[in-house]
Amino acid sequence: MPGSPSRPYLLAPFPLLLLLVSACDLPSSGPDFSFSPGVRAPLIFDQTFVFMGPSATGHQALIDTTTSAFDSLFTVSETDNTVYLVQNLDDFAIGSLDGALPALNVAPVDLSVSIGELAEQRFGTAYERPLGIFTLDPAETPLPPALSEEMPVLPDPEAGEATVEVPNFLVPPKVDLVTLSDLSLASVRFTDETAGVNAFTLELINDLPEPLTAATDPSQPPRITLLQNGAVLGTAVFGFVGPGERATVHLSVAGKTFTVDALTYRLNVGAGGQVQPLLDDPGAVRLKMTLAPLRYGETRVHHIPAQSEIDISRENLLLDTGDVVFTEIVTRTGQATLHVTNTLPIDVRIDALEVRNEEAVAGFPAGSTILSLTGVDVPAGGTVGVPVNLGAVGIGTRVSVTVRASSGGTSRTVTLDAGQGLALSLDGEALIDRLVFRPNGETFTETGIIELDVRDVRFTSADDYVTLKEGLLEISDLINRMDLALERVDISLPDFRRPPYREQDTLVIHFQGSTDDPGAHKFRRLDRNEGPRHATLDLRDVRIYPRDNRLTYRIYARSETSSDVRELTATDAISASIRVREARVHDVAAFIEPFAVAVTPDGDGDGHLDVLSDADAEVTRLDELSALTEKDFDGLRFEGSAFTFNIRTNVTTDLELYAVLLGTTAAGKTVFLQGKGDYAVAAGDTLAGTFLAGGVPVRPEQMIRLPIEGAPAPGQAVTRTVVLDATNSNVDEFISALPEQVRYVGKVLVQAGGGRDVLAEPLELSAAIGAAVPLNFAGDFTFRDELEADLTDLADLTDPSKEVLFEGASLRLTYENGLPLGVDTRLEVLNDLGEVEISFPAPDKPALRLVPAVKDDAGLSAEPRSGLLEFTLSEDELRQLSRGRQIRLALTVETGEQAGSPARLRADDTLRLSLHGDFRFEVKVGGR
């Protein structure tokens, strides 16, 4: 039945006829006659193919999309029913950015905290030797009679006053440092002291029978005035002195200056306001003057003689040791400075000076010399500093200083002050070799740098940071080499911060107390000469704020306080090693240079990705697309194909995916997916030389580069679509090869903008990839399919043992072609072994031509075309035909008269083929 979708029919009427003939009871001999009925056999097959199906009418499909090979391969446009080949690469892994965040490398650092300031001990001492205050002691000094005896008071009748002359009684002072016995005094200024010194005591004695008054005024008491060279030095009032009485006054000379000239006392005294009674009885009124000790503050002399033995030595001096109270030190090297200050009015020469230990120090005996010097000239009123290098010496806490000095004196008149003299100060600083002391909470500090290397990242701002996803801070070989317990040790990493990442959240490791609490970063204290100790801290979520890719560490240590003596040497120290290991970065905010990261494995870690290496390449199969090969499409070429990459990423920087995609067909042919234009890889590209194929560099033109725009903000994932078509790639050539396997290796270039960027895990990079191929055929291809057709019943027509004689046969193929393609058709009859018995037409003959449907401008079928193809069969060909079990259709699809204009297929385009057999024979009746 024409138009039926059933499989090819068997030649049913012809076997029935044979059965009728063989069933007749014919004589074995008799008249021999025959007749020649023309027999036309039913059609062999009448088949309508829809291009893709099954169709709604049940037509058999050239491509059956219900089979597992094609069930997801094709997509039909809803608008015009155009057919697309579709391959979704669900298992295609574009790669991972797990390793994209820069690796963090913190250089291990060896910490060493020496005894610090204790290694540089300061010491010093200072003293002075002034001239001192000379005291003129009346008991030891010869005095004139006026200052030692009672003197009669005899007033001048005209002047009304009594005058007493006191000659010079001043003597050269005896002071330290210099000898002044043989010099001439000019003057003396007494000190300002008043308590029992620097005064004259004046006693007025009245043996008259009447009271003493002023000389001319009986209402005023007597008074006395002290003068020198006419200048009043002081005045005192006695008060009224009765008969037989005495009156005493004190006249202070504190702060007064006396020359060597005589003193004059003027006494205003009388009796009853008259002086005559004193004159009438001479000696009845007397004045007794006594002298309190006089202390010289300043002495002015006309010269100072040469001095040969100026002694400013001092014993049992305590050294000032500053904050550390040491009992002894042994220096390795050092320097001391001796300062000599001369406030005398004469130049002084230090002839020899030695500083010695009072007691034994270590291996140095008592009296051992610390330093010495000679020949130091110190000008009058000047200070001289003399540096002295120290060697390996012992220094105790008690020293003696021996000094011999001299002076040439002066011929000038100069003033000597009691406070003038010579002052010595010794300041030293030494690097110790050994220190013996009593600890009192001494502190030690150290600051250092840790180098940080983060690939392609520069930390230039105080706000730049890198946060660790995980990592460990390892403190190893922590050793206290001091004979000193440490009450507290803090290792501070101010650039490491814990959440919430404030400045006060810096990472500090404490060694204090008697217990360990690693979670709080606390560990027990370091005892004397203890170690090694180890500690490990979790750096999970710790944020590091480097500056110029450098980190700072600080160490603070405080010693015990003890009355026991401890001994330290110059090499004593606290030491440790710090390293960060197993660090993985969670996020980084800094100046990020463009960098590349492999998104497929690098199996051997050599930086090169080999697309033919199973250790490097991602491999996916295009089973659905390559299933077209099962239909044996020869010469198939597609146009208008597209690879669509729907790439999802949360990376804020722009990315460029450099990839090598190598397709391999079932026959072993290879084809590269190559970029064009902006998607092409330039020869000079830095990544071009990092891809291999079987150890051989992949040429840049065999690669492809996909630009991917970054996400708008951290953590905000977006999907970017990249379409590969004929304008930017060789996707048509790649698809037309029908690869069944694709091997892929890739690297992503993270195109940081050359400024501050933020990269944070999880870094997402995934792709949904699909191939959409409209069936636009611009070249020839061959389609083959096999139809069931058991033709064995035709064997009776050519069997000599049968009463049938062959007269002739032919096959007629009628068609109605709704495909916009010309089709060259061959029929191959296959035997039960699958071998070709006979072909129609013969292999050496041109194929049967099916004229294509009329196409519109879009290449789609506009009107089907019909035709009839017929060829005759010989008896031998009929015999070959009778051995057929299947008929193979070989349809070579061409664009025919419209070559060069693509043909586009619809899913419901049809091709109807009908094959009829025309067989003629004679049936014998009777005969021999």
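# Exercises on a predicted model

The protein chain exposes about 41000 Å², of which carbon and sulfur atoms supply 47%; accessible areas follow the Shrake-Rupley method with a 1.4 Å probe, and for residues only the protein chains shown count as cover. The model is predicted: local features need pLDDT of at least 70, side-chain atom pairs count only at pLDDT 80 or more, and totals for chains, interfaces and linings use all residues. Residues are numbered from 1 along each chain as its sequence is written, and side-chain values use heavy atoms, with hydrogens and water left out.

## Exercise 1: the chain as a whole

State the secondary structure content of the protein chain and the share of its residues that count as buried.

Step 1. The chain has five helices and 68 strands. Helices (H or I, at least four residues) and strands (E, at least two) are DSSP runs, numbered from the N terminus.

Step 2. Of its 928 residues, 50% count as buried. Buried means under 20% relative accessible area, exposed over 50%, and partly exposed in between (1.4 Å probe, protein chains only).

Step 3. Among contacts (heavy atoms within 4.5 Å) with a separation of 6 or more, residues 24 or more positions apart account for 84%.

## Exercise 2: strand S30

Find the partners of strand S30 and decide how far the strand is enclosed.

Step 1. Two strands pair if DSSP finds at least two bridges between them. Strand S26 (residues 348-357) pairs with S30 in the antiparallel sense over eight bridges; here Glu354 has Thr402 as its bridge partner.

Step 2. Strand S23 (residues 307-311) runs antiparallel to S30 and is joined to it by three bridges, with Ile310 opposite Ala405.

Step 3. Strand S24 (residues 314-318) is also antiparallel to S30, through three bridges, and Leu317 has Val399 as its partner.

Step 4. Seven of the ten residues of S30 are buried, so the strand is largely enclosed by the rest of the structure.

## Exercise 3: Thr413

Locate Thr413 and list its contacts.

Step 1. Thr413 lies in the loop between strand S30 (398-407) and strand S31 (414-417). Its relative accessible area is 32%, so it is partly exposed.

Step 2. Beyond neighbours within four places in sequence, Thr413 is in contact with Arg300, Val301 and His302.

Step 3. The side chains of Thr413 and His302 form a polar contact of 3.3 Å. Such a contact is a pair of N or O atoms within 3.5 Å; within protein, one must be able to donate a hydrogen and the other to accept it, and residues adjacent in sequence count only if both atoms are side-chain atoms.

Step 4. Pro345 is 68 residues from Thr413 in sequence and 9.8 Å from it in space, C-alpha to C-alpha.

## Exercise 4: the cores

Which residues touch the most other members of the largest nonpolar core?

Step 1. A nonpolar core is a set of buried Ala, Val, Leu, Ile, Met, Phe, Trp, Tyr and Cys residues joined through side-chain atoms within 4.5 Å.

Step 2. The largest core has 174 residues, and Phe169, Phe200, Phe258, Ile350, Leu353 and Ile509 touch the most other members. Strand S43 (residues 573-592) gives the most to this core, with eight residues.

Step 3. Another core lies apart from it and has 38 residues, among them Leu787, Leu797, Leu881 and Leu905.

Step 4. Leaving out residues up to four places away in sequence, Phe258 touches residues including Phe169, Phe200, Leu226 and Gln228.
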